[in-house]
Each structure stands twice: as structure tokens, then as C-alpha cells.
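Please look over the sequence and the model below. The report that follows takes up some of their features in turn.

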Amino acid sequence: MDNDVSAGSTTTVIGRLALGVTLLAFGLGHTDLIDGVTAADAVSLAHYVGGVALFVAGLLALRDRDTADGTAFTALGALWFTWAVSAGGQVSDNAAGLFLLLFALVVLPLALAGGDALGRGAHGLFFVSLLLLAVGRFADSAGPVKAGGWFAVAAGAVVWYAATAALAHWPTALPRRAAGRGVTATG
């Protein structure tokens with residue numbers, strides 16, 4: 001792939017925008033960067049944008065035979081929806097950690113296979129985020145939770161860039177050196 005970006009399907013762009021915004025809100029809520037903003041403040045966005053809209057985008061992608069984005073969007077949409085509707089309930093730190101760990105296990109194959117490099121990178125960052133959040137909940141420690149929030153912010157920024165790049169025709173790959181060019185030995 002060269003540094004040009006394919007236009008991408010409308011479904012992919014919409015799905016990536018939904019995922020990117022949800023990850024940014026969810027991540028920022030865990031970082032304590034903005035005074036008074038917590039992960040709980042992302043619940044409505046995660047419910048409708050990350051849950052419903054992302055799930056529908058996934059179904060449309062599957063209809064278009066885009067199995068990589070279709071699988072990612074429907075699975076993540078269902079998990080965001082579940083997180084949002086259960087966010088107000090009282091659960092133990094261990095139960096919340098287990099949910100985050102299971103969520104990470106769904107994201108791991110998305111990071112390892114299917115889709116383009118930006119998608120795999122974003123899913124990889126999100127996987128690390130979920131692992132850190134799970135560890136933080138199991139250990140009742142704010143440090144891993146805050147770090148997990150930053151990884152979610154990074155994942156959201158990568159997904160947002162991928163969607164915006166498709167719309168704006170920005171590059172999505174680093175330029176490669178031509179074979180045989182580069183550093184030459186003198187002597």
C-alpha cells in the first residue's frame with residue numbers, strides 16, 4: 001500500500017467516527033485530564049454512538065461483505081452497549097475487572113488480524129487500554145486506570161485519523177524507500 005488512502009466505504013468511515021468519538025470520551029473520562037469529567041459521563045455517548053450506531057454500521061459492513069470492519073463494529077457495538085446499560089449498576093471491582101478483561105479478549109483478535117494497519121493499531125492500543133483498566137479495577141488502583149484511559153485516548157485518535165483520512169484523502173502509510181536506494185557505502 002502506498003501513502004495514498006483509499007476512499008473507504010461510507011459504512012467504514014461512519015463506524016470509525018463512532019468508535020473514535022466513543023474511545024476519546026471513554027478514555028478522557030479515565031484520565032482525570034478534565035476536571036469533573038469521568039468515564040460515567042461517556043455512558044450516553046457509549047450507549048447510542050458506540051453501541052447502537054456502531055452495531056448498525058457493523059451490520060451494514062457485513063451486508064457489504066466487509067468482514068473485517070463488520071465483525072469489529074458489531075462486536076464492539078454490542079460491548080459498548082452492554083457497558084453503557086450496565087454502567088449505573090453496582091458491581092464489585094472484580095466483576096468490573098472481569099468484564100474489561102473479557103472485552104479485551106474480544107478486541108485482541110481484531111488487533112491481530114483483519115483490516116488495515118491503522119485499524120489493527122487502534123485495536124492494539126484499545127486492547128492495552130482494556131488490560132490496564134482491568135488490572136486497575138482488580139487491584140483497586142488509580143494508576144493503571146489512568147494509563148488505560150490514555151491508551152484509549154490514543155486508540156480513539158488513531159481511529160478518528162483513519163476516518164478523517166478516508167474523507168480528506170490524507171496518507172495512511174509511511175512512505176517506503178525504493179529498493180536499492182538509501183545509505184550507500186563509500187570507500
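Val85 lies in helix α3, where helices (H or I, at least four residues) and strands (E, at least two) are DSSP runs, numbered from the N terminus. This is a predicted model, in which local features need pLDDT of at least 70 and side-chain atom pairs count only at pLDDT 80 or more, while totals for chains, interfaces and linings use all residues. Residues are numbered from 1 along each chain as its sequence is written, and side-chain values use heavy atoms, with hydrogens and water left out.

Together with Tyr48, Val52, Val56, Leu60 and Phe81, Val85 forms a nonpolar patch on the surface, with about 510 Å² of accessible area for the six residues together. Two or more residues of this patch come from each of α2 (43-63) and α3, and α2 gives the largest share, 4 residues. Patches are made of residues with over 30% relative accessible area and no salt bridge, with like charges joined within 9 Å and nonpolar side chains (Val, Leu, Ile, Met, Phe, Trp, Tyr) within 5 Å; a salt bridge is a side-chain nitrogen of Lys or Arg within 4 Å of a carboxyl oxygen of Asp or Glu. Accessible areas come from the Shrake-Rupley method with a 1.4 Å probe, and for residues only the protein chains shown count as cover.

Helix α3 (residues 67-86) also holds Trp80 and Trp83, which are 3 residues apart, about one turn of the helix. Both are buried, that is, under 20% relative accessible area, as against exposed at over 50% and partly exposed in between (1.4 Å probe, protein chains only). The structure holds 8 aromatic pairs. The ring centres of Trp80 and Trp83 are 5.9 Å apart and their planes stand at 85°, so the pair is edge-to-face. Rings of Phe, Tyr and Trp (its six-membered ring) pair if their centres lie within 6.5 Å, and planes under 30 degrees apart count as stacked, over 60 as edge-to-face and the rest as tilted. Trp80 and Trp83 belong to one aromatic cluster with Phe26, Phe99, Phe103 and Phe126.

Ala104, in helix α4, is buried, with a relative accessible area of 0%. Its C-alpha atom is separated by 5.2 Å from that of Phe127, 23 residues apart along the chain.

The table gives some values side by side.

| Item | Value |
|---|---|
| Trp80 and Trp83, ring centres | 5.9 Å |
| Ala104 and Phe127, C-alpha atoms | 5.2 Å |
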